[in-house]
Amino acid sequence: MENADNLFGEPISTYSDSQALEDGVLVEIPGEGGVNRATRAVFDEFVHPIGNPRLGVLNITPLMDVVRSMLKIEPDADGWRTVTYQGKELWLIPNEIGGLTLMFTEAS
């Protein structure tokens, strides 16, 4: 069997962590246990403004609850964790900067 790293050949293009942050696809989070990124879709699902949205005060407690729930799951051999949280399928996967990224398993 062909090496899994070479299965698809050379990438046509890449999308770096810094590009994804700049574009708003990823959000930097102060997660526990090495969790330092969430996709915008996950962030918007679990983080909500407190009071007047114009003030920019956010309640990140629901997002941190998801992170804590995910960290209770033992990672597989590749470091991935999968869980259903409040009816949503989520992955917690290693990222290119040595942390973990929280994402939905499919586009929301």
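Asp-65 is partly exposed, with a relative accessible area of 30%. For the terms, buried means under 20% relative accessible area, exposed over 50%, and partly exposed in between, with a 1.4 Å probe and protein chains only.

A word on the source. This is a predicted model, where local features need pLDDT of at least 70 and side-chain atom pairs count only at pLDDT 80 or more, while totals for chains, interfaces and linings use all residues. Residues are numbered from 1 along each chain as its sequence is written, and side-chain values use heavy atoms, with hydrogens and water left out.

Back to Asp-65. Arg-68 forms a salt bridge with Asp-65, and the closest N and O atoms are 2.7 Å apart. By salt bridge I mean a side-chain nitrogen of Lys or Arg within 4 Å of a carboxyl oxygen of Asp or Glu. Both residues lie in helix H3, three residues apart, about one turn of the helix. Helices (H or I, at least four residues) and strands (E, at least two) are DSSP runs, numbered from the N terminus.

Arg-68 is partly exposed at 32%. Glu-32 is partly exposed too, at 36%. Shared partners join Glu-32, Asp-65 and Arg-68 into one network of salt bridges.

How many salt bridges are there in the whole structure? The search finds five. One of them links Arg-37 and Asp-17, with the closest N and O atoms 2.9 Å apart. Arg-37 is in strand E2 and Asp-17 in helix H1 (residues 17–23), so the pair ties together parts that are 20 residues apart in sequence. Arg-37 is buried, at 7% relative accessibility. Asp-17 is buried as well, at 7%.

Now strand E7, residues 100–104. Four of its five residues are buried, so E7 is largely enclosed by the rest of the structure. Which strands pair with E7? Strand E2 (residues 35–39) runs parallel to E7, joined by three bridges. Strand E6 (residues 88–94) runs antiparallel to E7, joined by five. Pairing here takes at least two DSSP bridges between two strands. In E7, Thr-101 is the bridge partner of Arg-37, and Met-103 stands opposite Trp-91. The E6–E7 hairpin has five residues between its strands, and Gly-98 there takes a positive phi near 85°.

Stay with E2 for Thr-39. Thr-39 is buried, at 16% relative accessibility. Leaving out residues up to four places away in sequence, Thr-39 touches Val-25, Leu-26, Leu-102, Met-103 and Phe-104. Contact means heavy atoms within 4.5 Å.

Next, the buried side of H3, residues 61–71. Leu-63, Met-64, Val-66, Val-67 and Met-70 are buried. They cover an arc of only 150° around the axis, which puts them on the same side of H3. That arc is taken from the directions from the helix axis to the C-beta atoms. What do the buried residues of H3 pack against? They meet E2, helix H2 (40–46), strand E5 (81–85), E6 and E7.

Last, a loop residue. Leu-55 is in the loop between strands E3 (48–49) and E4 (58–59). At 63% relative accessibility, Leu-55 counts as exposed.
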